[in-house]
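Open the structure in your viewer and keep the selection panel at hand.

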Amino acid sequence: MKLHVNGIERSLDVDPDMPLLWAIRDVLGLTGTKYGCGEALCGACTVHVDGHAVRACVTPMRRAEGRTVTTIEGLSPDGSHALQQAWLALRVPQCGYCQAGQIMTAAALLAKNPQPSNDAIDAAMAGNICRCGTYSRIRAAIRKAAGLPPDEGSGQ
Amino acid sequence: MVLRPVAPGELRSPADFQSIVDRGARSRALFAEAGGVLQHPRCVNCHPNGDVPHQGMQHTLHDPPVVRGPENDGVPGNECTTCHQNHNQQLTRVPGAPKWHLAPIEMAWAGKSLGYLCRQLQDPLRNGGRTLAQIVDHSTNDELVAWGWSPGHEREAVPGTQKQFGALIAAWVETGAQCPAEDKE
């Protein structure tokens with residue numbers, strides 16, 4: 001089946017029920033997207049399908065057929081996306097495992113809502129879990145990427 | 001009035017109500033039967049009276065945390081279809097159906113009485129702008145409504161079949177769409 005992944009048209013001979021995450025990681029070798037829970041409960045595998053955030057671990061390939069898929073590798077060609085730069089500037093990651101999913105969810109948010117309120121950020125990010133507890137830095141980095149001033153008392 | 005006994009999880013058919021001579025009483029009885037569907041958690045959970053979907057047989061708040069959003073389908077980055085597909089998923093147990101989303105807040109059913117639902121279903125401001133004929137069609141044929149009878153993963157289905165439910169709603173409309181007496185709403 002055909003789909004566009006990070007701007008490149010791909011033709012994959014895979015089962016339509018294969019999770020998109022399997023195709024991304026094991027068939028295409030794009031390992032930036034992580035396997036977390038496998039049940040759409042943690043957000044580590046978040047990618048975009050036609051600009052919408054989806055959990056690749058529960059998204060069957062047939063949903064992605066003919067669509068445009070963007071993974072963390074395709075967010076920018078050189079790591080220059082405002083979110084990636086903000087993540088670096090504020091040293092957001094600790095272990096880093098969840099961060100690709102965090103950034104992809106944040107990117108879907110900013111694409112639709114370029115200057116989100118803290119409530120909007122929290123609502124968008126609520127399903128992305130970070131076991132290191134980097135949530136305050138994630139929110140600060142989203143605000144920075146959006147060109148919003150730091151929150152008072154955030155230490156940023 | 002004694003109606004034909006039915007097992008739990010079944011619905012009576014409109015013919016079972018022919019013994020009720022009074023047309024208004026028959027209409028109200030038909031609606032009460034349909035109420036076993038309308039007030040089942042499978043239906044009410046996605047007609048919440050707040051901004052968070054419910055889940056389970058006890059109407060607990062949706063976990064992971066999600067919100068209604070302006071279009072009743074979540075918010076950017078955390079949409080209903082970020083996780084839910086157009087079909088139930090066997091291995092991950094994530095429920096799904098086409099058009100997976102919440103009913104608008106004006107169509108909230110959680111915490112409402114059967115009498116309230118009866119009047120709400122007939123009010124275009126609170127029923128999605130539908131005529132009664134469209135309510136019958138929605139009840140009988142809508143593919144997201146249909147999920148209630150095929151919820152997957154050992155979830156308890158709503159009673160009867162969608163065809164039977166549609167027939168009850170149609171018979172209720174044909175008998176004048178009468179409602180239970182006013183009650184505390």
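Select A:Ala106 first. Leaving aside residues up to four places away in sequence, A:Ala106 touches A:Leu83, A:Met125, A:Ile142 and B:Gly77; two residues are in contact if their C-beta atoms, placed from the backbone, lie within 7 Å. The model is predicted: local features need pLDDT of at least 70, side-chain atom pairs count only at pLDDT 80 or more, and totals for chains, interfaces and linings use all residues. Residues are numbered from 1 along each chain as its sequence is written, and chains are lettered from A and ligands numbered from 1 in the order in which they are written.

Next, show the largest nonpolar core, which has 47 residues. A nonpolar core is a set of buried Ala, Val, Leu, Ile, Met, Phe, Trp, Tyr and Cys residues joined through C-beta atoms within 7 Å; buried means 20 or more other C-beta atoms within 10 Å of the residue's own, exposed 12 or fewer, and partly exposed in between. A:Ala106 is among the members that touch the most others, together with A:Ala56, A:Leu83, A:Ile103, A:Met104, A:Ala107 and A:Ala141. Elements of chain A that each supply at least two residues include strand 1 (2–5), helix 3 (82–89) and helix 4 (99–112). Helices (H or I, at least four residues) and strands (E, at least two) are DSSP runs, numbered from the N terminus. Helix 4 of chain A gives the most, with eight residues. Domain 1 (2–74) and domain 2 (82–145) of chain A both contribute, so this core lies between them; the domain bounds come from an automatic or database domain assignment.

Colour those two domains of chain A separately. Their centres, taken over C-alpha atoms, are 20 Å apart. Domain 1 of chain A puts 15 residues into the contact and domain 2 of chain A twelve.

Now zoom in on strand 1 of chain A. A:Leu3 and A:Val5 make up its covered face, and A:Lys2 and A:His4 its uncovered one. Strands pair if DSSP finds at least two bridges between them. Strand 1 of chain A pairs with strand 2 (residues 8–11) of chain A in the antiparallel sense over four bridges, and with strand 5 (residues 68–70) of chain A in the parallel sense over two bridges. Pick A:Val5: its bridge partner in strand 2 of chain A is A:Ile8, and in strand 5 of chain A A:Val69 stands opposite A:Val5.

Last, select the contact between the chains, with 15 residues from chain B and 24 residues from chain A. On the side of chain B, strand 4 (78–79) and helix 3 (80–83) of chain B are the elements that give two or more residues.
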